[in-house]
Structure formats: C-alpha cells, structure tokens
Amino acid sequence: MKLKHALSAVALIAAGLVAPAVGAAPAAHADTLICDQYGSTTIGGRYVVMNNRWGSSAQQCINVTSSGFRIQTQQGSTSGGAPLSYPAIYVGCHYGNCSPGTNLPRQLSQIGSAPSSISYTYVGGSVFDASYDIWMDPTAKRTGVNQMELMIWFNHTGNVQPVGGRVGTTSIGGRTWDVWQGNNGGNDVLSYVAQSPIAGWSFNVMDFVNDVDARTRVDRSWYLTSIQAGFEPWSGGVGLAVNSFSASVN
C-alpha cells in the first residue's frame, strides 16, 4: 500500500506512505531498468518489484535483478516531511497489483507462520530508512489504503524517524526494538526500529504481527494483505539494494 497515503505533518517523519502501483509489466530478467513513476515487474515467478516514486516528481530508476533490485538513479531530495518514494519488492496485493500466485489477503487466524528473509546493501552519503512495510485491514482488501501499517526499520540514517512517537521497547526475534506508534492521516502506523543496523535476517513476520495484535485494535479477524521490503529515501540513495528477498504465508 505504499502509494503512500496521507502524509505526516511532522517534519523529518518517515511516513510509512506509498503511492498506488499501476499494472504489472512483464516478468523481469536480470538488469531490467524501471524509471516509470509507478512502474513494476515480477521476478522469480512470485514477487513484484516496484519503483513507487510517490513523493517526488524527480527521476528515480531502479535496476531489477533476478533476486532483488538496486537504486540506479535518484535525483530527488527533501530535508523534511515524507520520504521521496518506496522502491520495494513484495508478495501479496498492493493497490490492485497482486504478486503471482499469492494466497494474500489471508485472515490472521488462518496463518500459522510467515517466514521471510532479506539481504540489504547500504551506502554512505544518503538519508534513508531500510524497512519492511506490512499491511493489514479488517477486510480482504486488494486495493486502496489499508487501516494498519506495520513497519520494521532495519536501518536508518540522518535525522529521520517513524510516524508518531516512541512508546517503549520490545524484544522480538531475539532482538530489541524501539516501538513507535501513530497515525499519518490515512492509516495507523506501528513501527519497530532496530537499535543497530541489520544487513540481513531471517525471521517470522507473524512475531511482529502478533505484537501489533496485542497493542492495537487489530485482532485475528483482520487480514494480512502484503509483505513488502525496500527503502524510503529522503536524499541520495544510489547504490542502496535489496540483494535477495523471500516471504511466504503458511
């Protein structure tokens, strides 16, 4: 649901926002360059990679590989407010663009586990967050804005922070996270911020979903609609990459 939604009024706040991704292009091969604002393609026969430049009119291009993507061009820059974009790879449905063969949306009560794995490459001289963006809604929604956005920040640079305010810390997956909670004007946002950068990790997405369930109005009747991973850049970003990504819902 990136297609970022309503923006946060607070400067330098990472609005877990995103813009509507339009129709999927043909399946990508290695080194497929996407510069269209909401251009997307599929890889591995099961994932969608999207450019999703929802917050800027400046050019952004991503180089899509057989296992992920790299930001190739980023001409935008902002010193505050919402990020420029959310280039990402995902499984599930995002503004009507569903990944091939996905079993999402799926009711939380019907999910046993949701294993995911990612490997990131970070570069200096940029202001960004590297984050998962996981969406939930009371209905089996395949398009438009979902009511709950769960963000997992693996890394961030510069003076940026999640939507809302810090409400404490928690331990999930053997790691300690700072927890932020708020609303960006379009949906609720619960963010888990790593206390030190994580370049790669394999984990169960449901460990975070269950914590959201315990803290918010989300309950087991809600639906998981997508699992996304990528970057929110504010400035720079060339060279940031998702080297590999996997996610499944059991």
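Trp153 has Val193 as its bridge partner in strand 16. This pairing belongs to a predicted model. Strand 12 and strand 16 run parallel and are joined by six bridges. On the other account, strand 15 also pairs with strand 16: seven bridges join them, and these two run antiparallel.

**Strand 16 and its partners**

- Strand 16 covers residues 188-194. Six of its seven residues are buried, so the strand is mostly covered.
- Strand 15 covers residues 175-183. One of its residues, Trp177, has Ala194 in strand 16 as its bridge partner.
- Strand 15 and strand 16 form a hairpin. Four residues lie between the two strands.
- Gly185 sits in the turn of this hairpin. Gly185 has a positive phi of about 100°.
- In a regular strand, side chains alternate between the two faces of the sheet.

**Met148 in strand 12**

- Met148 is placed in strand 12. Is Met148 buried or exposed? Met148 has a relative accessible area of 1%, which is under the 20% cut-off, so Met148 counts as buried.
- Which residues touch Met148, leaving aside its neighbours within four places in sequence? Its contacts include Ile134, Trp135 and Met136. Asp188, Val189 and Leu190 are also among them.
- Val218 is 70 residues from Met148 in sequence. In space, the two are 7.8 Å apart, C-alpha to C-alpha.

**Aromatic rings**

- How many aromatic pairs does a search of the whole structure find? The search finds 18.
- Tyr132 and Phe154 form one of the pairs, with ring centres 5.4 Å apart. The angle between their planes is 15°. That is under 30 degrees, so the pair counts as stacked.
- This pair links distant parts of the chain. Tyr132 is in strand 11 (residues 127-137), and Phe154 is in strand 12 (residues 148-156). The two residues are 22 residues apart.
- Tyr132 is buried, with a relative accessible area of 0%. Phe154 is also buried, at 1% relative accessibility.
- Phe203 and Phe208 have ring centres 5.7 Å apart. Why is this pair edge-to-face? The planes stand at 85°, which is over 60 degrees, so the pair gets that label.
- Both Phe203 and Phe208 are buried.
- Arg175 lies over the face of Trp201. The distance to the ring centre is 4.8 Å.
- A pair of aromatic rings is described by two values: the distance of the centres and the angle of the planes.

**The chain as a whole**

- The chain has one helix and 19 strands.
- The chain has 250 residues, and 55% of them count as buried.
- Consider the contacts between residues at least 6 apart in sequence. Of these, 68% join residues at least 24 apart.
- The chain exposes about 8600 Å². Carbon and sulfur atoms supply 47% of this area.

**Confidence**

- The mean pLDDT of the chain is 90. A value of 70 or more is reached by 88% of the residues.
- Where pLDDT is low, the predicted coordinates should not be read in detail.

How values were computed: Residues numbered from 1 in each chain as written. Predicted model: local features only at pLDDT ≥ 70, side-chain atom pairs only at ≥ 80, totals over all residues. Heavy atoms only, no water. Phe/Tyr/Trp six-rings, centres within 6.5 Å; stacked < 30°, edge-to-face > 60°. Buried < 20%, exposed > 50% of the residue type's maximum accessible area, 1.4 Å probe, protein only. Lys NZ or Arg CZ within 6 Å of the ring centre and 35° of its normal. Pairing = 2+ DSSP bridges. pLDDT = per-residue confidence, 0-100. Contact = heavy atoms within 4.5 Å. Areas by Shrake-Rupley, 256 points an atom, 1.4 Å probe, with all protein chains shown as cover.
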